[in-house]
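Subject: Structure handover

Hello,

Here is the structure I promised to pass on. Please open it first, then read my notes below.

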Amino acid sequence: MKLALGSDHAGFVQKEMLRTWLSDQGHEVHDFGTFSADSMDYPDVAHPLSAAVAAGEYEEGILLCGSANGVCITANKHAGVRAAIAWLPELASLARQHNNANVLCVPARYVSEEQAQEIVSTFLKTDFEGGRHQNRVSKINY
């Protein structure tokens with residue numbers, strides 16, 4: 001799978017772990033940054049990643065920040081992006097099944113590396129259910 005990955009400073013350590021872990025699983029991962037734990041502004045990563053996902057350059061996106069709120073709000077400014085916060089695998093699954101989410105936002109300060117892997121794995125292997133959910137998803141963009 002071709003994936004876009006990015007974080008702010010609070011998610012940097014988990015992003016680095018996920019980049020290696022996902023690559024080891026055979027995914028093609030493009031790292032949008034940040035490239036250190038130095039303080040930075042999350043929109044500087046979330047906007048380019050989200051634009052690339054919306055343009056179809058990547059199948060899915062994964063963003064991390066401390067709470068996941070900032071990157072999720074920013075990502076959802078892009079038409080064609082359906083970003084969802086998940087701190088449990090069940091939430092990642094529902095985001096895919098019911099909302100056809102294409103950007104996963106992980107709260108790095110609130111999940112362990114093992115939990116982040118489980119959340120990402122669930123997100124990537126879960127399919128959109130379509131059906132009654134398609135009608136709702138179709139109403140998201142104006």
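Start with Cys-105, which is buried, with a relative accessible area of 0%. Buried means under 20% relative accessible area, exposed over 50%, and partly exposed in between, using a 1.4 Å probe and protein chains only. Cys-72 is buried too, at a relative accessible area of 10%.

A disulfide here is a pair of cysteine sulfur atoms within 2.5 Å. For Cys-72 the nearest cysteine sulfur is that of Cys-105, 4.0 Å away. Cys-105 is likewise in no disulfide, and its nearest cysteine sulfur is that of Cys-72.

A word on the basis. This is a predicted model, in which local features need pLDDT of at least 70 and side-chain atom pairs count only at pLDDT 80 or more, while totals for chains, interfaces and linings use all residues. Residues are numbered from 1 along each chain as its sequence is written, and side-chain values use heavy atoms, with hydrogens and water left out.

**The overall picture**

The chain has six helices and five strands. Helices (H or I, at least four residues) and strands (E, at least two) are DSSP runs, numbered from the N terminus. From the N terminus on, the elements run β-α-β-α-β-α-β-α-β-α-α. The radius of gyration is 14 Å, close to the 14 Å that the globule rule gives for 142 residues, so the chain is as compact as a globular protein of that length. That radius is taken over C-alpha atoms, and the globule rule is 2.2 Å times the number of residues to the power 0.38. The C-alpha trace spans about 45 × 30 × 25 Å along its principal axes. Of the 142 residues, 51% count as buried.

Cys-105 belongs to strand E5 (residues 103-107). Five of the five residues of E5 are buried. Val-103, Cys-105 and Pro-107 point one way from E5, and Leu-104 and Val-106 the other way. In a regular strand the side chains alternate between the two faces of the sheet.

Two strands pair if DSSP finds at least two bridges between them. E3 and E5 pair in the parallel sense over five bridges. Gly-61 stands opposite Val-103 in that pairing. Strand E4 (residues 83-85) also runs parallel to E5, joined by three bridges. There, Ala-83 has Val-103 as its bridge partner. The chain crosses from E4 through helix H4 (residues 89-99) to E5, and this β-α-β crossover is right-handed. Right-handed means that, with the strands pointing away from the viewer, the path from the first strand over the helix to the second runs clockwise.

**Strand E1 and its partners**

Five of the six residues of strand E1 (residues 2-7) are buried, so E1 is largely enclosed by the rest of the structure. Four bridges join E1 to strand E2 (residues 28-31), and the two run parallel. Lys-2 has Glu-28 in E2 as its bridge partner.

**Rings and charges**

How many aromatic pairs does a search of the whole structure find? The search finds one. Rings of Phe, Tyr and Trp (its six-membered ring) pair if their centres lie within 6.5 Å; planes under 30 degrees apart count as stacked, over 60 as edge-to-face and the rest as tilted. The pair is Phe-32 with Tyr-58, edge-to-face, at 5.7 Å centre to centre and 80° between the planes. Phe-32 lies in the loop between E2 and helix H2 (43-54) and Tyr-58 in the loop between H2 and E3, so the pair ties together parts that are 26 residues apart in sequence. Phe-32 counts as buried at 19% relative accessibility, and Tyr-58 at 13%.

The charged end of Lys-2 sits over the ring of Tyr-58, 5.3 Å from its centre. That term needs NZ of Lys or CZ of Arg within 6 Å of the ring centre and within 35 degrees of the ring normal. The charged end of Arg-96 sits over the ring of Phe-123, at 5.8 Å.

Best wishes
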